[in-house]
Amino acid sequence: MEKFDVIVIGAGAAGMFCAAQAGQRGLRVLLLDNGKKAGRKILMSGGGRCNFTNLYAEPAAYLSQNPHFCKSALARYTQWDFIDLVNRHGIAWHEKTLGQLFCDDSAQQIVDLLLAECEKGQVTLRLRTEIISVERDEAGYTLTLNGTTVQAAKLVVASGGLSMPGLGASPFGYQLAQQFGLEVLPTRAGLVPFTLHKPLLEQLQALSGVALPTTITAQDGTLFKEAMLFTHRGLSGPAVLQISSYWQAGEFVHVDLSPETSLDDFINVQRAAHPNLSLKNSLAKILPKRLVEILQLLQQLPDVSLKQLNSKQQAALVTLLHHWPVQPNGTEGYRTAEVTLGGVDTAQLSSKTMEAKSVPGLHFIGEVVDVTGWLGGYNFQWAWSSAWACAQGL
């Protein structure tokens with residue numbers, strides 16, 4: 001039986017970074033993954049350019065049953081620390097919008113960085129490895145793999161959540177937590193497109209591919225000001241992905257389709273300048289033309305000129321366009337979700353070391369834990385921060 005100081009399960013962002021840090025601190029580390037290559041989700045992220053952190057990463061951007069849990073790790077290993085590491089590896093990057101940082105070239109550079117850091121820490125990486133069982137005794141943890149048995153005093157679970165099952169996502173981490181008596185909070189898909197009920201979907205299908213700036217508000221008052229995209233299944237785009245993490249089944253969201261321009265003022269100015277212009281052509285100056293046409297087809301937009309538009313019609317139209325109520329049918333689920341909400345209950349973990357309070361030597365990091373960030377590099381930062389905090393405690 002091979003013996004290690006630490007075994008890390010999952011060669012994703014959190015697992016690779018934790019293994020590298022632990023190895024560089026002089027520990028003998030084994031990193032296991034069931035896939036044929038490391039960092040599969042990293043390679044897919046950010047359209048293949050990896051949105052590796054966010055300049056504005058802070059605790060307020062994370063959802064958790066215990067919103068204070070993420071504070072310690074995020075404060076001890078910050079976005080600036082990871083940016084420094086990226087710079088040391090000579091990776092060119094750029095800021096897109098809202099503090100989102102991407103590689104200039106390719107997400108492969110972040111995977112290569114993590115593999116190089118693992119090599120520096122002399123980490124043993126084993127891919128295509130299935131874990132048959134995990135047992136614990138006084139000596140630590142014994143893992144039966146396909147063909148061999150390995151042992152370590154410490155076990156780190158970085159197996160991710162349920163999002164993107166096509167990339168090897170599985171409930172393994174949750175099952176392992178439950179095996180050792182830890183509570184797992186209910187999980188659901190986060191940062192995921194909405195699907196719509198059939199009548200509305202059929203009415204809006206002609207808008208598939210149309211995007212526009214919006215402000216979208218959930219029932220609890222949370223709002224995001226970003227682009228929304230109409231799709232053949234429903235609604236997507238950054239604004240929708242963000243709000244999906246705050247939406248509960250059955251609730252409405254409200255969409256401001258013209259967040260930058262007061263439609264009441266716009267219509268009044270246009271009427272004074274072009275009284276005979278049709279309402280449709282006037283609105284097409286600030287809204288996508290196809291959207292205006294569909295609203296008219298649905299008889300939500302009067303077929304009149306600006307001078308014919310009465311105050312009651314104008315008030316109703318302004319309310320509709322600034323507070324368009326949408327009741328999603330559901331989401332596209334884990335298949336397209338970027339993250340999993342819920343997971344291992346943080347109440348049972350040390351916020352300093354990520355170790356289970358009731359099970360010595362057992363640690364949980366990254367997405368498997370009940371900490372979920374906003375879209376835009378926040379979840380990668382949680383991976384780096386939680387992994388670093390854990391490695392210091394090993």
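The legends below describe several close-up views of a predicted model. Local features are taken at pLDDT of at least 70 and side-chain atom pairs only at pLDDT 80 or more, whereas totals for chains, interfaces and linings use all residues. Residues are numbered from 1 along each chain as its sequence is written, and side-chain values use heavy atoms, with hydrogens and water left out.

**View 1. The protein chain as a whole.** The secondary structure of the protein chain comes to 13 helices and 21 strands, where helices (H or I, at least four residues) and strands (E, at least two) are DSSP runs numbered from the N terminus. Along the principal axes, the C-alpha atoms of the chain fill a box of roughly 85 × 40 × 35 Å. Of its 394 residues, 54% are buried; buried means under 20% relative accessible area, exposed over 50%, and partly exposed in between, with a 1.4 Å probe and protein chains only. Among contacts (heavy atoms within 4.5 Å) with a separation of 6 or more, 72% join residues 24 or more positions apart.

**View 2. The largest nonpolar core and the surroundings of Ile 110.** A nonpolar core is a set of buried Ala, Val, Leu, Ile, Met, Phe, Trp, Tyr and Cys residues joined through side-chain atoms within 4.5 Å. The largest has 85 residues, of which Ile 110, Leu 143, Leu 362, Phe 364 and Trp 382 touch the most other members. Helix α13 (residues 378-393) gives the most to this core, with 10 residues. Another core of 43 residues lies apart from it, including Leu 63, Leu 196, Leu 291 and Val 326. When neighbours within four places in sequence are left aside, the contacts of Ile 110 are Ile 42, Cys 50, Phe 52, Phe 82, Val 86, Ile 91, Cys 103 and Trp 384.

**View 3. The second largest pocket.** A pocket is defined on a 1 Å grid over the protein atoms alone, as an open set of points where a 1.4 Å probe fits, with protein on both sides within 12 Å along at least five of seven lines; lining residues have an atom within 4 Å of a point. The second largest pocket has a volume of about 180 Å³, and of the 14 residues that line it, Tyr 56, Leu 98, Gln 242, Trp 374 and Tyr 378 are the closest to its centre. Strand β14 (residues 223-230) gives the most to this lining, with 3 residues.

**View 4. The annotated span 188-339.** In an unreviewed entry, UniProt lists residues 188-339 as "domain: RsdA/BaiN/AoA(So)-like insert", although such annotations may be inferred rather than shown by experiment. The end C-alpha atoms of this span lie 9 Å apart, and its content is 34% helix and 22% strand.

**View 5. Thr 142 in strand β9.** Thr 142 lies in strand β9 (residues 140-145) and counts as buried because its relative accessibility is 16%.

View 6. Met 164, in the loop between β10 (149-157) and α6 (172-179), has a phi near 55°, a positive value in a residue other than glycine. Leu 191, in the loop between β11 (184-190) and β12 (194-195), likewise is not a glycine and has a positive phi of about 50°. Met 164 counts as buried because its relative accessibility is 18%, and Leu 191 counts as buried because its value is 2%.

Definitions and conventions:
Grid points are joined across faces, edges and corners, and a volume is the space filled by probe spheres set on the points.
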